[in-house]
Amino acid sequence: MRGPAELAARAAVRYQRVYAAWAANPDQARAEVLPLSLDPPTHDLALADVDGVAAWIAAWRQWERSAPGTVIWEGRRWASLGTQHLPVRAQLVGADAIASAAGRAGHWGLASSRAGMIAGMLEALGVGPTGLSGQGGAAEAVAAVIGEVVEYEDDDVERLVAAVAWLASHPASGLYLRQLPIAGLDTKWLERHRRVVQRLLGAARGGGLPVESGLGLRRPPTTVRVRILDPGLAAGGLRDVEAPVEEISRMWADRAGFIDVIAVENLATFLALEERPRTVAVWGAGDKIVQTLPLLSWARRARRVVYWGDLDADGMRILACLSQRLPGIVPVLMDAPTLERWRCLAVADPGKRVSRDGPQPEGLGYEQMRAWRMIIDWGLSLEQERLPWDEATSALSLALA
């Protein structure tokens, strides 16, 4: 004998599995049916447990009076008990009834209303319920995001709808996020909700898939930090400058061929470099130096460019990339003799071990390739900051000579 609790449990399972599709498709939500066969007792069972069967019948009568569902009753003529009217099947019709039986009526109310807001916004942008071949339309997009949107605060839902509508209508605005006419739409908000924004914007733009290439907004400029080691090259006495790459690149336009460049990975090393005539130091932690250094016009045309990075797998990859983008760049203290001499200062780096049979970095010289093989075989990392300073400055001077 199945009781109301079992129907409630089944309703909870069905609701959690299907509510997103219901929210995206109101017709499906209204047509959903959840039946339950109640397995009424036989004559012998009823005779053996008269009180239990009576309580079971009473529970279903109570459920029928108070629950948003229906119960089908049938008569049974039993020799010992006479004619009995027994519940044989119960059913819930529609998402509202199933959500209520599952104890999720409040959740469903939010999901359905917020899905309606999103669908209305997409419809106003010209997006139909389904896209080509039934893919990529408003319904699919709503189903993909409603699980997150239902957990938002009301203000965030309004902000989401406004943001997607504005971004879809201005696909290449070129504005900074701060300039958008939407209250509360700051960088932190966008980072928390970026997946949902991109998914809905993809539908609004007709592709269906999330927008990965950008929101049409202006990105903060890529900056680069330089130290001017020659006071004669400093404008207005500024010696340590960080600014957009485009602005730094315009410096020394008429003197580029006379400048030496020292590019380093370590900030402590960058700050410790002493004055040198006609020399500029560039700092770029990790891969950033690969992106910024080749964009500097005076670095591309410099008299000499040297790079001093860590003697580890990442450092050698960076050197290889720079060698391809800036032919003629000179590595400093990034070779096999240096690693052999100062191996006592290296540390184990098993997290970055690379298979010897894996891809080899291209653009390295002979001693650099030897160092690469030693690094991957030994699993070592020798950071530039650990090398003796007097030897490092001597090697820099020799490389720039």
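Q: Which residue stands opposite Val330 in E9?
A: In this predicted model, Val306 stands opposite Val330 in E9, and two bridges join strand E8 (residues 304–308) to E9, the two strands running parallel. Two strands count as paired if DSSP finds at least two bridges between them, and strands themselves are DSSP runs of E with at least two residues, just as helices are runs of H or I with at least four, all numbered from the N terminus.

Q: How far can the local features be trusted to rest on the model, and what is left out?
A: Local features need pLDDT of at least 70 and side-chain atom pairs count only at pLDDT 80 or more, whereas totals for chains, interfaces and linings use all residues of this predicted model. Residues are numbered from 1 along each chain as its sequence is written, and side-chain values use heavy atoms, with hydrogens and water left out.

Q: What makes E5 and E9 edge strands?
A: The open sheet has six strands in the order E5-E4-E7-E6-E8-E9, with mixed pairing. Strand E5 (240–244) and E9 each have a single partner strand, so one side of each is left without a neighbour in the sheet.

Q: Why does Glu265 count as buried?
A: Buried means under 20% relative accessible area, exposed means over 50%, and partly exposed lies in between, with a 1.4 Å probe and protein chains only; Glu265 has 14% relative accessibility and therefore counts as buried. Glu265 lies in the loop between strand E6 (260–264) and helix H11 (267–272). Setting aside residues up to four places away in sequence, Glu265 touches, among others, Trp283, Tyr307, Trp308, Asp310 and Gln384, where contact means heavy atoms within 4.5 Å.

Q: Why is Asp156 called buried, and which residues is it in contact with?
A: Asp156, which is found in helix H8, has a relative accessible area of 15% and is therefore buried. Leaving aside neighbours within four places in sequence, Asp156 is in contact with Trp189 and His193.

Q: How do you know that the length of helix H16 agrees with its number of residues?
A: The expected span of a helix is 1.5 Å times one less than its number of residues; for the 13 residues of H16 (residues 366–378) this should be 18 Å, and the end C-alpha atoms are 18 Å apart, which agrees. Buried residues of H16 include Met369, Trp372 and Ile376, and the buried residues pack against helix H14 (313–325), strand E9 (330–331), helix H15 (336–341) and strand E11 (380–381). H16 is followed by Gly379, whose phi is positive, near 65°.

Q: What makes a set of residues a nonpolar core, and which members touch the most others in the largest one?
A: A nonpolar core is a set of buried Ala, Val, Leu, Ile, Met, Phe, Trp, Tyr and Cys residues joined through side-chain atoms within 4.5 Å. The largest has 67 residues, of which Trp22, Trp108, Ile118, Leu122, Val149, Leu160 and Leu200 touch the most other members. Helix H1 (residues 4–24) supplies the largest share of this core, nine residues. A second, separate core of 63 residues includes Val245, Ala281, Leu380 and Leu396.

Q: What makes a space a cavity, and which helix gives the most to the lining of the second largest cavity?
A: On a 1 Å grid over the protein atoms alone, a cavity is a set of points where a 1.4 Å probe fits but cannot get out, and lining residues have an atom within 4 Å of a point. Helix H9 gives the most to the lining of the second largest cavity, with three residues. Among the lining residues are Ala163, Leu177, Trp189 and Leu217.

Notes
1 Å grid on protein atoms, 1.4 Å probe; cavity = no way out; pocket = protein on both sides within 12 Å on 5 of 7 lines; lining within 4 Å.
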